Amino acid sequence: MIACKDAVRQLWEYLDGTVGEADRAALEEHLDRCRRCCAELEFAEELRGFLAGNADDDVPPDVMKRLNTTLEELSADDT
Amino acid sequence: MPEQKVEAAPEDQVESFQRLARAQLPRLYAIARRLCGDDAEDAVQDALLKAFERFDQLDDPDAGPAWLARVLVNCCHDRHRHDARQPAEIDFEALERFSLYRKIALEDPFPYSDSLHLDFLGGFGREDVRAVLLMLPEHYRTPLVLVHMYGFATKELASLLDIPLGTVLARLHRGRKLFEQRLWDYAEQTGMLEEAPR
């Protein structure tokens, strides 16, 4: 069975589905027997959600105004 | 009779571009803030002008939002290319050994918490996350931000940045580990680990 350090190294890739077949089988065998690495896997999933959940931003009104001005000033001659 | 591609009149092109870009401004700005920090507005301005110049090359209107985002990513990337600062050295051996999950469990910053790890993440606001991302070198930050926050595929990113897929995957791996490490560092430096009095 692979060691915890080798399992932990691949958890994000496992969630991405980019681990090769043999590595995935070895990792799943490890996860079947190691509660701590299962908990790490759950935390890796949380972290992925955490990143995705912090993707939005409010555009400050003055920035939005300047960007809209740029758009309004575009003319057919610029293409 | 063979189908003929109907060229839009220039005025229509301007309006079509404005409509597309206006709808995408919040997303473009959000991406730029995470890739370019304080240069975000300038990067979006660059991207709008460059995209408009090439708008006639966009054949599929449904692909407009993704196309616009790609133009922006290139603008952000170009800005970093001109940045001659040397990135801080990273101890990759230590990085490979680092696990945020275990660090939190070991240090136990909130001894009375029933959900220690979630409470740790819950301490970060949107601006904190952005600040942590900006602590990462650009070539690790870009894949992390684009893949995990804005849904870019790794193959798409490889083509966009003109680097091999294996390089994107390696940078993504290191970017995630660095992000975990920097989350902890940031929490320590900003006093987030000091538990509020009960």
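The model is predicted, and local features need pLDDT of at least 70, side-chain atom pairs count only at pLDDT 80 or more, and totals for chains, interfaces and linings use all residues. Residues are numbered from 1 along each chain as its sequence is written, while chains are lettered from A and ligands numbered from 1 in the order in which they are written.

**View 1. B:Leu106 in helix H5 of chain B.** B:Leu106 belongs to H5(B), residues 100-107; helices (H or I, at least four residues) and strands (E, at least two) are DSSP runs, numbered from the N terminus.

**View 2. Helix H2 of chain B and its buried residues.** H2(B) covers residues 40-53; its 14 residues should span 20 Å at 1.5 Å a residue, and the end C-alpha atoms are 20 Å apart, which agrees. The expected span is 1.5 Å times one less than the number of residues. Buried residues of H2(B) include B:Ala43, B:Val44, B:Leu48 and B:Phe52, and B:Asp46 is also one of them. The buried residues pack against H1 (10-36) and H3 (64-81) of chain B, and also against H5 (61-72) of chain A. Contact here requires C-beta atoms, placed from the backbone, within 7 Å.

**View 3. Packing of helix H8 on helix H10 in chain B.** The axes of H8(B), residues 138-148, and H10(B) lie 8 Å apart at an angle of about 90°. Axes are lines fitted to C-alpha atoms, for helices over the stretch in contact, and angles run from 0 to 180 degrees between N-to-C directions. H8(B) is therefore roughly perpendicular to H10(B), a class that takes angles of 65 to 115 degrees (under 35 is roughly parallel, over 145 roughly antiparallel, the rest oblique). Residues in the contact include B:Tyr140, B:Leu144 and B:Val147 of H8(B), and B:Leu172, B:Leu178 and B:Phe179 of H10(B). By class, the contact has 8 nonpolar, 2 polar and 4 charged residues. Ala, Val, Leu, Ile, Met, Phe, Trp, Tyr, Cys and Pro count as nonpolar, Asp, Glu, Lys and Arg as charged, and the others, Gly among them, as polar.

**View 4. B:Thr190, in the segment after helix H10 of chain B.** H10(B) runs over residues 165-189. B:Thr190 is partly exposed, with 13 other C-beta atoms within 10 Å. Its C-alpha atom is separated by 9.7 Å from that of B:Asp128, a residue 62 positions away along the chain.

**View 5. The side of chain B that touches chain A.** In this interface 35 residues of chain B are in contact with 29 residues of chain A. H1, H2, H6 (116-122), H7 (126-134) and H10 of chain B each supply at least two residues to this side. H1(B) gives the most, with 13 residues. The residues on this side of chain B divide into 19 nonpolar, 7 polar and 9 charged.

Technical notes
Buried ≥ 20, exposed ≤ 12 C-beta atoms within 10 Å, placed from the backbone. Contact = placed C-beta atoms within 7 Å.
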